[in-house]
Amino acid sequence: MTVIHETVDMAINLPDGTRLSARSWIPEDAVAQPVPAILEFLPYRKRDGTAERDQITHPWFAARGYACLRVDMRGCGESEGLFDDEYSPQEMQDALDVIDWISRQDWCSGNVGMMGISWGGFNSLQAAANRAPALKAIITLCSTTDRFADDIHFKGGCLLGENIGWAATAASWFSPPPDPALAGEAWRDIWLNRLEKMPFLAQTWHERQNRDAYWKHGSVCENYDAITAAVFAIGGWHDGYRNTPSHLATNLTAPVRALMGPWNHKYPHMAVPGPRIGFLQEALAWWDHWLKGIGNGADRAPAYTAWLMDSVKPATSFGHRPGRWITEAEWPSPGSRHASSTLARPGWATPCPAFVQQARPSTAVGMATGEYFPFGFGPGELPDDQQGDDALSACFDSTC
């Protein structure tokens, strides 16, 4: 049985002198026989925010021969410094410095993997695009390749309600104090300084309503070829980020595997609707191949795997979505095709002529749309029957 040493406040000192705090799980014999490392780099407070999830995930990998580190970002939890923005140049540099620091420890073999869901999925992709030398493979879940066109702020050029909602949620994550048990008597001064310097993200995001350099920064779609690490991309049909696995499988020249399930914004061994999968086992096979060089066939998995959901009556909650798994050896599939249609009436041989359709905005429209990002926090998050919304909307039908 592998003995694991857990450290609740491992110090990672960055080149600028800032001390980041990590919770680590490292096999006892790793100093004598160095092992690959797995990093999860988040702002979500390892002492409370993700503590339960971390305790399920990282010790499991550690017991199978990995050094696992869950690191709080600058200005979050017990890490020093100040938070400035999501996916900022400072965050990206810190991620690269952390990966480099890990790779040089005596318990690390020099190979590092990075994983995460949502924020951690974003910065895993970004670290790969920045070509951290020690970063050999990543697992990105519920993330995006395009911060402007396919994120929580704007969609199709339209401002999303989640833009301000997420700004408020983020403030609740970054404003609490560090744990006095780790920060000591300075905890209150650290807390007050964070509150005073905390950015007003709603304004930052609202003021940037065009695809400019701010949004291009951190959008890996700007240069897919920058990614050379092996990428395992996972998404869920009931999540707000549904396009990323396909986009990565289509555009990356690096080794890539895409997996889509029926899940919400959760790790797929914890998500709803079911069926859930053994995510830890799938991830282990990925790490074993790309970080340890084990020939287990992980590099020969289908390019795209998806849970093809059966049609069901709308409901605001599902414990399970019936369907079946399908796979494509290549993606896009050689047999795939694109279809287009034009507005027409039954029996017309030509497209519909020009016409005028009046739309009157109503706050009553959209009541049945559900949550943009279902998290599984309770029943009622999914879209309901939208016939009522359709009755108040300008709708167009096609023959397809």
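Arg 208 lies over the face of Tyr 214, at 4.6 Å from the ring centre, where a charge counts as sitting over a ring if NZ of Lys or CZ of Arg is within 6 Å of the ring centre and within 35 degrees of the ring normal. This is a predicted model, in which local features need pLDDT of at least 70 and side-chain atom pairs count only at pLDDT 80 or more, while totals for chains, interfaces and linings use all residues. Residues are numbered from 1 along each chain as its sequence is written, and side-chain values use heavy atoms, with hydrogens and water left out.

**Charges and rings**

- The charged end of Arg 64 sits over the ring of Trp 60, at 3.8 Å from the ring centre.

**Aromatic pairs**

- The structure holds 24 aromatic pairs, a pair being two rings of Phe, Tyr or Trp (its six-membered ring) whose centres lie within 6.5 Å, with planes under 30 degrees apart counted as stacked, over 60 as edge-to-face and the rest as tilted.
- The rings of Trp 101 and Trp 107 have their centres 6.3 Å apart and their planes at 65°, so this pair is edge-to-face; both Trp 101 and Trp 107 are buried.
- Tyr 214 also pairs edge-to-face with Trp 215, at 4.8 Å centre to centre and 85° between the planes, and Trp 215 is buried with a relative accessible area of 0%.
- Ring pairs link a cluster whose members include Tyr 44, Phe 83, Trp 119, Phe 174 and Phe 373.

**Cavities**

- A search of the whole structure finds three cavities of 30 Å³ or more, a cavity being a set of points on a 1 Å grid over the protein atoms alone where a 1.4 Å probe fits but cannot get out, with lining residues having an atom within 4 Å of a point.
- The largest cavity has a volume of about 60 Å³, volume being the space filled by probe spheres set on the points, which are joined across faces, edges and corners.
- Its lining, which includes Met 73, Arg 74, Leu 82, Phe 83 and Asp 94, divides into three nonpolar, two polar and five charged residues, where Ala, Val, Leu, Ile, Met, Phe, Trp, Tyr, Cys and Pro count as nonpolar, Asp, Glu, Lys and Arg as charged, and the others, Gly among them, as polar.
- The second largest cavity holds about 50 Å³ of space, and its lining, with Leu 82, Phe 83, Phe 174 and Arg 194 among the residues, divides into five nonpolar, one polar and two charged.

Conventions: 1 Å grid on protein atoms, 1.4 Å probe; cavity = no way out; pocket = protein on both sides within 12 Å on 5 of 7 lines; lining within 4 Å. Buried < 20%, exposed > 50% of the residue type's maximum accessible area, 1.4 Å probe, protein only.
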